[in-house]
Amino acid sequence: MSALAAIRSVVDYDSEVGKITQFMEKFVESGGKKQVAVDEDDSEAMVCELSPGETRAKYVNMLQRVADRTEDTVEISLDDVRAFEIESSGGHPPFAFASSLAYRIENNAKCYGELFSRAIDNLIPEPSESAMQDPDADVLDVLFQARRDRDRRDREVVQAAEQEIIKAMGTDAEGASKQALGVDLFPAILTRRYSVRFVPRANQAAQAVRDIGASQIGHLVTVRGIVTRVSDIRPSMIVAAYLCDSCGCEVFQEVKTRQFTPLAQCQSPRCTENRSRGKLHKQTRGSRFLRFQEVKLQEMTDQVPMGDIPRTLTIHCYEGSVRKLNPGDVAHITGVFLPQPYTGFRALRAGLLADTLLEAHHIRPLKRRYDQLASELTPELYMRLAQLSRDPDVFGRVSRAIAPEIFGHEDVKKALLLLLVGAPTKHTKDGMSIRGDINICLMGDPGVAKSQLLRFVAKVAPRGVYTTGRGSSGVGLTAAVMRDSVTGEMVLEGGALVLADNGICAIDEFDKMDESDRTAIHE
């Protein structure tokens, strides 16, 4: 079989890094409105008034917080990128979204994440004095600071040697001095104490799991669903560090797959020149690990066609994205849709087939707890609640807001309102706990909107799950034993009752359930 013709990419990634650097240096926020900072030496920038005390350099300040280690995530908003392009284009903005930088980021998010990291490496400032004198600095801080100092010294040596060669030879000899001196800089990913994440555009629509196809591989997509399983947080190795027992050199190996073969022999210039086979010993403290968590996202009931079963998508969360989701949460998850080849014996059976996953960048829960909603009250909403509390018919007025499209059923709606509000849990002196929530059983003739009332309650509750008793089993309602795809261990996957913990579980067609499954709910 003949080889495919090589195609040269027309994208100038060095130019893209320059645009990214300009965006992060000059982007300014002002009173909720994004603007472009004006440089006196930059005649192409738009002139705009920036009131003193009302503006802030969003990403410059963010990089300073990253350098001070108060933050470990750099969130890049695509709306900011688009606004910067329009305002800094000198009156000729790329009105077509398909020709903008934000569009290229959406369609090649994995690559542009590395480009943003390269720009941040050049822009990140030195840490403040308070951060440098932190007594709680761990061993990794000392190692990374030593590695950064060595990189800086090596670059200075390389630049000085190149200047001498250029003066002596009169030609551009870039890289010759590095090869002559045997200088090997640390991998950039090894010294980064941050991760780059993209925030989607505000008007980007969320999709169902079944709507994401092969044409969106590598793209930044947003998917909506309910979390059914969350794994433990484990360290994921991205750079393996080795120490040679012959020459004493540090050797680094970047890990980009789920499995890798550890290095056994040293390939440093000293061992190669001496023709010695130095044995490498893995250095765990010198390696780089990321916090990793796997999440299973399942389609919502309103996204499943008639007669089909819900589909599931694997979500990989790293660093700042971990611990943001719990089983039963409904969320919009934005990430990079990527293929993942099978490993081990599954790869032999799968052949050229591969599994798919979503590398999470931004997570937005759709339902929040009452305490979270109460902490976000605005003064206007607080005034409206105060006026409502003075209404003598507040109980009936709020109950009529439950399923307003359904006429009547006032007593039923009042009971459902009491179910939603609940009551505080009581604790007796002897340690007994008495729950304050109630259970409700709706009975009536067919066609009196029992199912619609259940769906509305499960939808408005901060934590609600709707299921039917006709097709549910005791395992589906309580918990099932599953095998973890990452570790191969047996884990419990929660059912409807587990997903609705501290919330509301609406079970329709309760009388159609088997007696054994009905008993499993109480057990």
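Which strand does I226 lie in? I226 sits in strand β6, residues 220–230. Before going further, a word on the model: it is predicted, with local features needing pLDDT of at least 70, side-chain atom pairs counting only at pLDDT 80 or more, and totals for chains, interfaces and linings using all residues. Residues are numbered from 1 along each chain as its sequence is written, and side-chain values use heavy atoms, with hydrogens and water left out.

**The overall picture**

The protein's secondary structure comes to 18 helices and 18 strands. These are DSSP runs numbered from the N terminus, helices being H or I with at least four residues and strands E with at least two. Of the 523 residues, 37% count as buried. Here buried means under 20% relative accessible area, exposed over 50%, and partly exposed in between, using a 1.4 Å probe and protein chains only. As for contacts (heavy atoms within 4.5 Å), take those in the protein with a separation of 6 or more: residues 24 or more positions apart account for 66% of them.

**Back to I226**

I226 is buried, at a relative accessible area of 9%. Leaving aside residues up to four places away in sequence, I226 touches K296, L297, Q298, E299, M300, G328, D329, V330, V465 and L499. T301 is 75 residues from I226 in sequence, yet the two are 9.6 Å apart in space, C-alpha to C-alpha.

**Two helix pairs**

Two packed helices are described by the angle between their axes and the distance between the axes. The axes are lines fitted to C-alpha atoms, for helices over the stretch in contact, and the angles run from 0 to 180 degrees between N-to-C directions.

Take helix α1 (residues 13–26) and helix α5 (residues 109–123) to begin with: they pack at about 60 degrees, their axes 9 Å apart. That makes α1 and α5 oblique to each other. On the scale used, angles under 35 degrees count as roughly parallel, over 145 as roughly antiparallel, 65 to 115 as roughly perpendicular and the rest as oblique. The α1 and α5 crossing is right-handed. A crossing gets that label if the near helix is turned clockwise from the far one by less than a right angle, and left-handed if anticlockwise. On the α1 side the contact includes Y13, V17, I20 and F23, while α5 brings residues including Y112, L115, F116 and L123. By class, this contact has 12 nonpolar, one polar and four charged residues. The classes work like this: Ala, Val, Leu, Ile, Met, Phe, Trp, Tyr, Cys and Pro are nonpolar, Asp, Glu, Lys and Arg are charged, and the others, Gly among them, are polar.

Helix α14 (residues 410–421) and helix α15 (residues 450–460) pack at about 25 degrees with their axes 11 Å apart, so α14 and α15 are roughly parallel to each other. Their crossing is right-handed. V412, L416 and L420 of α14 meet L453, V457 and V460 of α15. By class, that contact has six nonpolar, no polar and no charged residues.

**Salt bridges**

Side chains of opposite charge can pair when their charged atoms come close. The structure holds 15 salt bridges, each being a side-chain nitrogen of Lys or Arg within 4 Å of a carboxyl oxygen of Asp or Glu. Three of them are listed here.

| Salt bridge | N to O distance |
|---|---|
| D72 and R291 | 3.3 Å |
| E114 and R192 | 3.4 Å |
| D391 and R397 | 3.1 Å |

D72 is partly exposed at 29%, and R291 is partly exposed at 32%.

E114 lies in helix α5 and R192 in the loop between α8 (176–181) and β5 (195–199), so their bridge ties together parts 78 residues apart in sequence. E114 counts as partly exposed at 40% relative accessibility, whereas R192 counts as buried at 7%.

Elsewhere, salt bridges that share partners join E16, K19 and R104 into one network.

**Two arginines with positive phi**

R69 has a positive phi of about 65 degrees although it is not a glycine. R69 lies in the loop between α2 and β4 and counts as partly exposed at 45% relative accessibility. R275, not a glycine either, has a positive phi of about 55 degrees. R275 is placed in the loop between α9 (269–274) and β9, and counts as exposed at 79%.
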